[in-house]
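Please look over this protein model.

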Amino acid sequence: MKELIKSQRTYFLSGKTRAISGRIETLRKLHELLLQNEQILADAIYKDFKKSFYLTVENELSLPYGEINRAIRNMRKWSRSSQFRTNLVNFPASSRTIPVPYGVSLVIGAWNYPYMLSLVPVISSLAAGNTVILKPSEISSNSSHALARLINSNFPPELFFVQEGGPEETMELLKEKFDKIFFTGSTRVGRIVMKAASEHLTPVTLELGGKNPVIVMPDCNLKMAAKRLTWGKFHNNGTSCVSPDHVYVHEDIREELIREIKKNITAIYGKDPKLSPMLPRMINSIHFERVKSYIETDKVVAGGQWDREDLYIEPTVLDGVEPGDPIMQSEVFGPVMPLLTYSDPEQLIESLKFNPTPLVLYIFSGNIRSAKRIIREVPSGGGMINDVVLLFINMNTPFGGLGESGMGSYHGKAGFEAFSHYKTILNKPSWFELFLKYPPYRPINLRIFRSVLGKSIRNFWH
Ligand code: NAD
């Protein structure tokens, strides 16, 4: 590891990642490799959790393809310097900031989208001119091996290398000095990563978990809310960081919402969801047992079946869930939707303000003004009105958490910025010098300041 990091640092400091044309070439090569090896990548992820070829292309590879194209199109624009006003005391001069790559970056991925969550930050890092060590999740081990084989046999390790391993190997890596760390994973491990990074004062971006609440208001378009909620909750088997975690439904519309969700589960996954190719399985028996344990039989209003051999859990809805129930104590991260009933929206909103900060807050409402107000007032990484999940794939906007759900953001330009340091450069010519700058300072100096600058004396310095 030490040797690899040293070779990446030497490569970076040699300036070889600086040329935009070289970065574009690297990204084009990555695009081509992914495209040519889609089937191999899909076969590996199928072994991990039965994700179909369709879903692999749709939600694991299409975002990286889009990010590569976006970075290639915009890299020159994003790399330009920006001009700022120069204050009077520095006059004449020009003030600019210029984005420069940090250096050697470490990207740590999660298992729930083993390709997409690893590749999107990698693309931003390479676009910004860094070298990258990628550490995918060992839990999706087949996908991790496939990625390592593909990358390590096609890229020079001093530019881009995939280092496989679990917690132990990650801790070894984290002992070394990196210039930027980008972590996607749980809040628990996010704390470990940030602590390790602080030893070297390495800047971090943390994309962490989210127990994302959904509020269904009585004035919403209920049929559409149920349809979108059903799709979003069970998409990727309920294992997206932006999954709607639990649903607060107004008591007046509770029964109708349950009826509609049940209809939609059948419409999307058929009478026997186990046969649907659109429903991946739980990643391993630990996660299977965890999610299965949330299913309290007397609260099941839809689904509720499972198959331990197949690591299958049927899309399930639980009614009458209380804040103290086990399912409400951590991120569900599986195909179980808890419904909690409320009667007073304002009381609910006040209570949500004191929960750990979610990644996204979802509201289904007919009153957009009030929905916007709630999103502004309740702490969360982001918010979405009348739909779920899809804000993640709008790569034109920054995406990131707050508090327990993370810090910093990425996607598109924000990803480039996450992997760049904005260096300020003040450029002063040598033909003019302000004599007032130099001691000895006499009362006359102050009088000159006052007479020349009057009340704006503060602006002179600031
Ligand atoms: P995790 O935190 O268990 O693992 C993430 C990475 O950290 C893996 O590469 C793993 O090898 C490593 N790791 C695990 N334990 C470690 C330890 N003790 N020391 C050092 N490294 C360690 O997360 P996960 O289970 O792979 O992913 C699921 C979590 O990620 C969920 O909470 C989900 O919400 C979150 N997530 C967040 C986003 C986002 O964009 N905010 C996206 C996807 C997933």
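Which residue in strand 16 is the bridge partner of Leu-361? The partner is Gly-383.

## Basis of the model

This is a predicted model, in which local features need pLDDT of at least 70 and side-chain atom pairs count only at pLDDT 80 or more, while totals for chains, interfaces and linings use all residues. Residues are numbered from 1 along each chain as its sequence is written, and side-chain values use heavy atoms, with hydrogens and water left out.

## Strands 15 and 16

Helices (H or I, at least four residues) and strands (E, at least two) are DSSP runs, numbered from the N terminus. Strand 15 (residues 360-364) pairs with strand 16 in the parallel sense, over four bridges. Pairing here requires that DSSP finds at least two bridges between two strands.

Strand 14 (residues 336-342) is largely enclosed by the rest of the structure, because six of its seven residues are buried. Buried means under 20% relative accessible area, exposed over 50%, and partly exposed in between (1.4 Å probe, protein chains only).

Strand 9 (residues 244-250) pairs with strand 14 in the parallel sense over four bridges. His-250 stands opposite Tyr-342 there. Strand 13 (residues 316-318) also runs parallel to strand 14, joined by three bridges. In this pairing, Leu-318 faces Pro-338.

Six strands form an open sheet, in the order 5-4-3-6-7-17, with mixed pairing. Strand 5 (160-162) and strand 17 (406-407) stand at the edges with a single partner strand each, so one side of each has no neighbour in the sheet.

Strand 3 (residues 104-108) and strand 6 (residues 180-184) are parallel partners over four bridges. Val-107 stands opposite Phe-182 in strand 6. Helix 7 (residues 167-175) lies across strand 3, strand 4 (131-135) and strand 6, and runs at about 160° to strand 3. Axes are lines fitted to C-alpha atoms, for helices over the stretch in contact, and angles run from 0 to 180 degrees between N-to-C directions.

## Cores and domains

A nonpolar core is a set of buried Ala, Val, Leu, Ile, Met, Phe, Trp, Tyr and Cys residues joined through side-chain atoms within 4.5 Å. The largest has 85 residues. Among those touching the most other members are Leu-27, Tyr-115 and Phe-160. Helix 5 (residues 116-128) gives the most to this core, with nine residues. A second, separate core of 27 residues includes Ile-215 and Met-328.

The protein is divided into domain 1 (2-208 + 408-421) and domain 2 (213-397). These bounds come from an automatic or database domain assignment. The C-alpha centres of the two domains lie 31 Å apart. Their contact (heavy atoms within 4.5 Å) takes 24 residues from domain 1 and 21 residues from domain 2.

## Thr-97

Thr-97 is in strand 2 (residues 94-101). Is Thr-97 buried or exposed? Thr-97 is buried, with a relative accessible area of 11%. Leaving aside neighbours within four places in sequence, the contacts of Thr-97 include Ser-81, Phe-84 and Tyr-422. Arg-80 is 17 residues away along the chain, and its C-alpha atom is 8.8 Å from that of Thr-97.
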